[in-house]
Amino acid sequence: MNAPKIVVIGSINMDLVTSSPRFPQPGETLLGTGFNQYMGGKGANQAVAAARLGAHVSLIGAVGADHFGQVLLDNLKKERVNTDAVRIIQDQPSGLANITVAEGDNHIVVVSGANFSLTPSDVEQEEQRIASADVVMAQLETPLDTVIASAKLAKKHGKPFILNPAPAQKLPQELVALTGLLTPNAYELAISLGLSENLTPEEMLQQSPCQVVMTLGSKGALFTDESGAQHRQPSFKVTPVDTTGAGDTFNGALAVFLNQGLHEAVKKACAAAALSVTRPGAQSGMPVYKELAAFLKQAV
C-alpha cells in the first residue's frame, strides 16, 4: 500500500473514565467500581487510527504545559504521529474529558483547555505541511475559525478536506462550501445543516449541498458519490466490547484509503470501525493494517 500523507487538525484530550453502579444524585458521593485513563480527543484519535493503518500522519493541535500534556505527546509519538505542529500552551490545561460509565450509559464533561487556544494563525504557519498532504481532515473540538482556516488552505492547495462535524453544531455556509467530504451520523448531519430530524437518512443526503458519508453504527454507512447517487455499505458482523472511538477509527481509515476510491474507502472504514469495537478503549482498540487486511480477507 502506498502510504498517504495525512494532516489532522484537531483536539487532544485525556479521558478519565470512572465506572459506577449508577449515576450519583446531586450532592451525593458514591463509591466507584473502577477507573481508567485513556488518550483521547477526536483529533488525536483520528490521527492514531490513520497512523496505525500505515499513513504518514501529522497532527496540528495544542496541549497544556502540564503532566497530561507530556503524556499525550509521548503517546502520539509512540503511535508514530508527527507532533511538530502541536503547540504547548503555558496558561491553559490540556484538554480533559471526565466520563462516568453506569447503567449501560455514560455522562461526559469535556474541558477543552488548550484545544481552544489553537488559532487560525497556528494552522496558517503550517501551510507547507498542508500543501504537501494527500488528505486534510478536521473535527469541531477546536475553534470554528481554525477549522475554516484549515479548509481554506486545503482548498487553496487542491487537497481533499474531510470534516467530521462532531460535536454537532450548525455549520456556517462558508465551511460547508469548502468541505469535500462531510462524515456525520444522522443526528450530526441534521444539526450541521439545519435539517429536520424527522427526515430519513436518504432524504437528508438528498438535501445536503456537499458530498456526505453518513455513519449508521451497526447498519454500516450511507454515502453519495460525485454525481450525487446514493450507495449503502453494510456493516461487518462482530461482537462489540466497547464502541468508544469507532467513529474516529472510521474517519481515520476513510482518509487513509480515499486514494483507492470512495466505495473502497468506505468499505475499509466500516471494517476498521467494526474491528475497533471488539477491544476496549478508543485508541487502544484501533486496528493496524495487517489486522484489517486479514479481517477483510476473512469477511469475503
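Predicted model: local features only at pLDDT ≥ 70, side-chain atom pairs only at ≥ 80, totals over all residues.
For "binding site", the UniProt record, an unreviewed entry, lists Asn-185, Thr-215, Leu-216, Gly-217, Ser-218, Lys-219, Gly-220, Gly-247 and Asp-248. Gly-220 is located in the loop that runs between strand E12 (213–215) and strand E13 (221–224). Its relative accessibility is 5%, and Gly-220 therefore counts as buried, the cut-off for this class being under 20%. When neighbours within four places in sequence are left aside, the contacts of Gly-220 are Met-214, Thr-215, Gln-233, Pro-234, Ser-235 and Cys-270. Gly-247 belongs to helix H9 (residues 246–257) and is partly exposed, at a relative accessible area of 39%.

Two aromatic pairs were found in a search of the whole structure. In the pair of Phe-236 and Phe-295, the ring centres are 5.7 Å apart and the planes lie at 55°, so the arrangement is tilted. Phe-236 is in the loop between strand E14 (230–233) and H9, whereas Phe-295 is in helix H11 (residues 289–299); the pair therefore ties together parts 59 residues apart in sequence. Both Phe-236 and Phe-295 are buried.

The pair of Phe-257 and Tyr-289 is also tilted, with 6.3 Å from centre to centre and 35° between the planes. Because Phe-257 lies in helix H9 and Tyr-289 in helix H11, this pair ties together parts that are 32 residues apart in sequence. Phe-257 is buried, with a relative accessible area of 0%, while Tyr-289 is partly exposed, at 33%.

Conventions:
Residues numbered from 1 in each chain as written. Heavy atoms only, no water. UniProt positions renumbered as here; feature names shortened; annotations may be inferred. Helix = DSSP H or I, 4+ residues; strand = E, 2+ residues; numbered from the N terminus. Buried < 20%, exposed > 50% of the residue type's maximum accessible area, 1.4 Å probe, protein only. Contact = heavy atoms within 4.5 Å. Phe/Tyr/Trp six-rings, centres within 6.5 Å; stacked < 30°, edge-to-face > 60°.
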